[in-house]
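Student: I'd like to learn how to read a structure like this one. Could you walk me through it?

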Amino acid sequence: MNVIEQNLANWKESLVRSIPVGDLLSRNAVAYKWKAPFRVWMLREAAFWRLNDLLTQSYALHQQGHGLGARILLRSGFESLATLIYLDQIMQQVLDGKLNFHAFGDKTSTLLLGSRNNDQMPRSLNIVTVLEKCGKRYPGLMALYADLSESAHPSYEGLCKGYSKIDLNEYETHFSNRWMELYGDRHLKSMKLCMEIFYHEYNEVWPPLMEKLEGWIEANEAELEATKNNSALVG
């Protein structure tokens, strides 16, 4: 079993199966009077479930020689990674006094409930905008995502490059499925990078941030209670 297979197996075993509200209230009764911290837990674990599912399928397709499908699923995996990175970023902004807590609550609601096909739900964020913000922490992330996106779309790469090759000497175009030939060697490296960044954000960045946010909410409870009815005015 190689490193990616082992990591995916370990991830599957460590997925959180439930988040009891009672446990959160026992952890910090003041902080979990508010919905935003609960959403933060929900977002973290849902992102883990989704990324594990996407990368498991991407790896399986790659092993079967289905290069295009593997790349499209990996692209979605980077979107899920970006969601967690962005969540960690806005948590830090609250702690730094750069983001109003009530506006933060609205952002967590949008991240968790956002939709583009249901007018009754908040309008989801543009994932490219989210990725651009994440790229400030991880230079090169946006370029990698853009490269995967070219494969996902019926552009030059998605059509001509992926399925044809020109013989300039014979003035003839030959058609074949070229995805593994073009990208097979680097796919696993990109998967490994995605997993390493997610591990860092999930296990090393998020836990201390969550503890600090809980403490911050507790310390600022009176102000938050006094301003909660003004949250609709927060931009």
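**Reading the fold**

Tutor: Starting at the N terminus, the elements of the chain go α-α-α-α-α-α-α-α-β-β-α-α, which comes to 10 helices and two strands. Helices (H or I, at least four residues) and strands (E, at least two) are DSSP runs, numbered from the N terminus. This is a predicted model, where local features need pLDDT of at least 70, side-chain atom pairs count only at pLDDT 80 or more, and totals for chains, interfaces and linings use all residues. Residues are numbered from 1 along each chain as its sequence is written, and side-chain values use heavy atoms, with hydrogens and water left out.

Student: What share of the 235 residues counts as buried?

Tutor: Buried means under 20% relative accessible area, exposed over 50%, and partly exposed in between (1.4 Å probe, protein chains only). Here 41% of the residues are buried.

Student: And which residues touch the most other members of the largest nonpolar core?

Tutor: A nonpolar core is a set of buried Ala, Val, Leu, Ile, Met, Phe, Trp, Tyr and Cys residues joined through side-chain atoms within 4.5 Å. The largest one has 54 residues, and those touching the most other members are Leu55, Phe78, Leu87, Met91, Phe104 and Phe198. Among the elements giving two or more residues are α3 (35–63) and α9 (179–219), and α9 gives the most, with 12.

Student: Where does Tyr171 lie?

Tutor: Look in the loop between β1 (164–167) and β2 (172–175). Tyr171 has a phi near 55 degrees, a positive value in a residue other than glycine. Tyr171 is also exposed, with a relative accessible area of 77%.
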